[in-house]
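Trainee: Hey, can we go through how the helices pack in this one? I'd like to take it a pair at a time.

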Amino acid sequence: MARTRDTTADEQVGTEDGPRPGGRPRDAALDEAIILATRRRLVLDGYSRMTIGDIATDAKVSRPTLYRRWATKFELVVDALDYGFRKQRDMYAFDLSGLEPREALTEAVRRLDPAYFNPDAMVLMGNFAGEAIRTPELLDILRKHAVEPRVELVESVLTQLQDRGAVRDEIDKHTIATMCFGSYFAAFYRGEAKTDIPEAVVAVLWPALEKKPAPRRRASTSGKR
């Protein structure tokens, strides 16, 4: 991912602890420990309040060790987010061939859940929404890599169901997918369980989406005696 954001003095490393070219190869286990600690701190503290010192302590590494890998807090957070995005990419494609049309749409709506992969996703999204003025790049990254792929999954499934002749051709797929996505946020803010959302939402929508078979024309009986 491109990193174009200017950094503040608190987020930049000092010359003594700066990234060093060459040297020993990086330890993948240390990298992952730092990434996981960063993801946890994002949930607990939010971007503005989280500190490199807390992350280093949680990951059980020194600050120089962390700074040799990431020059700024922003760069570290971008990679921590990308770690999660890569883990959940497989959820955006699944085989519809063995599913009935309504069942396929229900499965797509189930995967819309922001917490389908990460149980802390709702809190994380709320934290990034709160950073929209100070650090809008974070919300843009979230939209591109966590929101749009989910919404587009539902749109894609609806398109496939249209091709199968199961769903009406004139439906507004974008609005339908957006409404389904919003149902998870409504349940979260109302303090309601989300487990039944896929079935409940599709039960409401399906009568309006289903393509009814054309009525069979009755054979004319005129002229018969």
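Trainee: How are α5 and α9 oriented to each other?

Mentor: Keep in mind that this is a predicted model. Helix α5 (residues 101-112) and helix α9 (residues 197-209) pack at an angle of about 135°, with axes 9 Å apart. Angles over 145 degrees would count as roughly antiparallel, and α5 and α9 are therefore oblique to each other.

Trainee: Left-handed or right-handed crossing for α5 over α9?

Mentor: Right-handed.

Trainee: Which residues of α5 and α9 meet?

Mentor: On α5 you've got Pro101, Arg102, Leu105, Thr106, Val109 and Arg110. They meet Pro198, Glu199, Val202, Ala203, Trp206 and Leu209 of α9. By type, the contact has eight nonpolar residues, one polar and three charged.

Trainee: Those numbers jump in steps. Why would residues three or four places apart point the same way?

Mentor: An α-helix has 3.6 residues a turn, so residues three or four places apart end up pointing the same way.

Trainee: OK, switching to α7. How far apart are its end C-alpha atoms?

Mentor: They're 38 Å apart. α7 has 28 residues, and at 1.5 Å a residue that should span 40 Å, so the two agree.

Trainee: Where is the kink in α7 centred?

Mentor: On Arg143, with a kink of about 40°. Then, just after α7, Gly165 takes a positive phi of about 75°.

Trainee: What's the angle between α4 and α7?

Mentor: Helix α4 (residues 73-88) packs against α7 at about 5°, with the axes 11 Å apart. That makes α4 roughly parallel to α7. Among the residues that meet are Phe74, Leu81 and Phe85 in α4, and Leu138, Leu142 and Arg150 in α7. The whole contact divides into nine nonpolar, two polar and two charged residues.

Trainee: And α6, what angle does it make with α7?

Mentor: About 145°, with the axes of α6 (residues 121-130) and α7 (residues 136-163) 8 Å apart. α6 passes α7 in a left-handed crossing. From α6, the contact uses Met125, Phe128 and Ala129. From α7, it uses Leu138, Leu139, Leu142, Ala146 and Val147.

Technical notes:
Residues numbered from 1 in each chain as written. Predicted model: local features only at pLDDT ≥ 70, side-chain atom pairs only at ≥ 80, totals over all residues. Heavy atoms only, no water. Axes fitted to C-alpha atoms, helices over the stretch in contact; angles between N-to-C directions. Helix = DSSP H or I, 4+ residues; strand = E, 2+ residues; numbered from the N terminus. Left-handed = near helix turned anticlockwise from the far one by under 90°. Contact = heavy atoms within 4.5 Å. Parallel < 35°, antiparallel > 145°, perpendicular 65-115°, else oblique. Nonpolar A, V, L, I, M, F, W, Y, C, P; charged D, E, K, R; others polar. Expected span 1.5 Å × (residues − 1). Bend = angle between axes of the 7 residues up to and from the residue.
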